[in-house]
Amino acid sequence: MPIHIIAEKCTGCRLCIKACPLNAIKIIEKKAVIELDLCNLCGACVDACKLNAIILEKTTRHTLDATRYSGVWVFAEQKKGKVQSVAFELLFKGRQLAEKLNTDLSAVILGEKLEEEIQELIWHGADNVYVVEDKQLANFQDEPYTNALVELIKKYKPGIVLCGATSIGRALISRVAVRIKTGLTADCTGLDIDSDSAILLQTRPAFGGNIMATIITPNHRPQMATVRHKVFPEGSTDMKRKGKIIREKFDGRLLLSRTKLLDIIEEVESTVNLTEADIIVSGGRGMGGAQNFKILEELAYVLGGAMGASRAAVDSDWMAYSHQVGQTGKTVCPKIYIACGISGQIQHLVGMQSSKIIVAINKDPDAPIFKVATYGIVGDLFEIVPALTKRFREILKK
Amino acid sequence: MDIIVCIKQVPETTQVRINPATNTLIREGVKAIINPFDTYAIEEAVRLKERFGGKTTVISMGPPQAEEALREAMAMGLDEAVLLTDRAFAGSDTLATSYIVSCAIEKLTPFDLILCGKQASDGDTAQVGPGISTHLDIPQVTYVKKIREVGNSYALVERMTEEGYEILKVALPALLTVVKEINEPRIPSLRGMMRAKRAQVLCWKAQDISADSGRIGLDGSPTQVVKIFTPPPRKGGQIFEGETSDIVEKLVELLKDQI
């Protein structure tokens, strides 16, 4: 087994037990023992042990010549010919990484008739833009997009590839990573370069968000990561920036698809996309009924925000599932999240706790939501919310 | 129509408590359940079987106790179960995991459809489903919210997007990952539970599925965890109580520059 404890060194200090996220370590006769059926070799105990008594061995069979791979790439997702803002956020972060590595930042865009968007990518910091235009690529489809991106990666050998953790990004990049047989880290909240090894340090929440893990891909290239929308800021544009445009054409066979897109339907109800919204007004069990959401709707309208809901509100059919925030719903990261009558169960908190400002309105002073709220209001939401709406309407003149 | 459903056993988060001293999850005594997203995949497979007939197989990779999750899936109506359990699988990242599951599915070939939940509630990566379809070189549709129609060699499905949904026709065999909107999973019937209790769960190790030892477990995983740490907990801020008009005035003052 690749993990074992050196019994002579172990003093039974229990530090490893505290560190183990899987509860896989026990003390038997004053020595730590790892229950191998539970262990997933995450290495948390190895870090925690001050006596170097835990050994985790990994054998790598092939040696990688990392110098053959260079540059930071950002997959620039487009919909209806428009680059999605997550791509600009990645270019902002990618720029910092490229500077630390003293290398180029490139964007990759697949689609049809992309001229203006290419400029936009350069203004947002791309030194190079790799472009594949083909009518087969006009809208996202798993197979042609995967094939095109795989070919580009094989040809130009980037050191790092970043992609938005969107519904398109997650489907696409998972396939690409498997085809290239490299590592992929989902939903990173932090990206940095290790100054000694020049390796990408990918930090993400693990085990439900209460533990952070830093993950590396030491022996495979490119190093690939996805990042959720709004985790990084967009950065400014410089319309004087110049960049290189590299166009590629692929054989039609490479762009064949076993799925066929028949129609795209946009739903009016979710016009203000929850994950895009800068302000979210959200309601929970404390709202008492579907009709009471009207007061939240008015506040959201005045603030130009979107409507959210807790699982309790959705399960009671007060709001549609598309509004649900939390573990089984959407993860949001707005500037302001206003939680009304939401107690703040852990499943809800994991979906919204990275919001910049959290306002909580709740009758119960002991509600867990107040533990994460920037501004907590103990009081009757049916009084406070309409008063807030009225005051904001005056100020914002709506 | 033969269907394979891939599931994962995860800790039940409604029971998760947090140790205030270390800000880490307390896992002691936490019940293991089927990943909630996978229950929709199980339900959809049962419904398709009820409409079209055929065989359904549920498959999971995990420690020996993941057998419980497979029995629960059989209680909901799936026919057969395979548990992929081997200490050599420990430490597998999403590349190695999707490889292992795809090796097992090769052994179960032919099939028409593979169904997975959109992601697991503990890891949240959404990478294993697409990984499996890539290893098997079959098409995929992620975030499926409705299967409209199934023909001999195709399925017509709705795929959820950020703005609404898309209608796609996908050639079979294919892999679909499904979202909550697709159905409401049933409660297992007493008869189903009795049957599941007696049913056989096949246990396969790495050699049973001809998995290459260099591509599984820690050695077969390109990603490596180098550090695990507890972020400082988000601190509660100011609390306001008292007259509504005072509270509203203060709050508007604090927020107005952010809007």
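**Entry 1: the sheet**

I started with an open sheet of 10 strands, whose order is β17(A)-β11(B)-β10(B)-β9(B)-β12(B)-β8(B)-β1(B)-β6(B)-β7(B)-β13(B), with mixed pairing. The edge strands are β17 (259-266) of chain A and β13 (201-204) of chain B, each of which pairs on one side only. From one strand to the next, the twist averages 30 degrees. For the terms, I noted that strands (E, at least two residues) and helices (H or I, at least four residues) are DSSP runs numbered from the N terminus, and that two strands pair if DSSP finds at least two bridges between them.

Before going on, I wrote down that this is a predicted model, in which local features need pLDDT of at least 70, side-chain atom pairs count only at pLDDT 80 or more, and totals for chains, interfaces and linings use all residues. Residues are numbered from 1 along each chain as its sequence is written, while chains are lettered from A and ligands numbered from 1 in the order in which they are written.

Inside the sheet I picked out one pair: β8 (residues 113-117) and β12 (residues 174-178) of chain B run in the parallel sense and share five bridges. There I found B:L115 opposite B:L176 of β12(B).

**Entry 2: chain B as a whole**

I looked up the totals next. Chain B has six helices and 15 strands, and its C-alpha atoms fill a box of roughly 70 × 40 × 40 Å along the principal axes. Of its 259 residues, 51% are buried; buried stands for 20 or more other C-beta atoms within 10 Å of a residue's own, exposed for 12 or fewer, and partly exposed for anything in between, with C-beta atoms placed from the backbone. Among contacts in chain B with a separation of 6 or more, 70% join residues 24 or more positions apart. A contact here requires C-beta atoms, placed from the backbone, within 7 Å.

**Entry 3: B:I216**

Is B:I216 buried or exposed? I found that B:I216 counts as buried, with 24 C-beta neighbours inside 10 Å, although it sits in the loop between β13 and β14 (224-229) of chain B. Its C-alpha atom is 8.3 Å from that of B:A90, a residue 126 places away along the chain. Beyond four places in sequence, B:I216 touches B:A88, B:F89, B:S92, B:A96, B:Y99, B:I100, B:A206 and B:A211.

**Entry 4: two helix pairs**

Axes are lines fitted to C-alpha atoms, for helices over the stretch in contact, and angles run from 0 to 180 degrees between N-to-C directions. Residues B:R71, B:M74 and B:A75 of α2(B) meet B:G192, B:M193, B:R195, B:A196 and B:K197 of α5(B).

In chain A, α5 (residues 142-156) packs against α6(A) at about 50 degrees, the axes being 9 Å apart. That makes α5(A) oblique to α6(A) too. On the α5(A) side the contact includes A:Y145 and A:L149, and on the α6(A) side A:L172 and A:V176.

How many of the 14 residues of α6(A) are buried? I counted 13 in the record of burial, so α6(A) is largely enclosed by the rest of the structure. Just after α6(A), A:K181 has a positive phi of about 60 degrees.

**Entry 5: more of chain A**

Helix α3 (residues 85-101) of chain A has 17 residues and reaches 24 Å between its end C-alpha atoms, close to the 24 Å expected at 1.5 Å a residue; the expected span is 1.5 Å times one less than the number of residues. A:V86, A:F88 and A:L97 are among its buried residues. A:N102 follows α3(A) with a positive phi near 55 degrees.

I ended on a hairpin: β2(A) and β3(A) have two residues between them, and A:E29 in the turn has a positive phi of about 50 degrees. The strands pair in the antiparallel sense over four bridges, with A:I25 opposite A:I34.

Conventions: Two residues are in contact if their C-beta atoms, placed from the backbone, lie within 7 Å. Angles under 35 degrees count as roughly parallel, over 145 as roughly antiparallel, 65 to 115 as roughly perpendicular and the rest as oblique.
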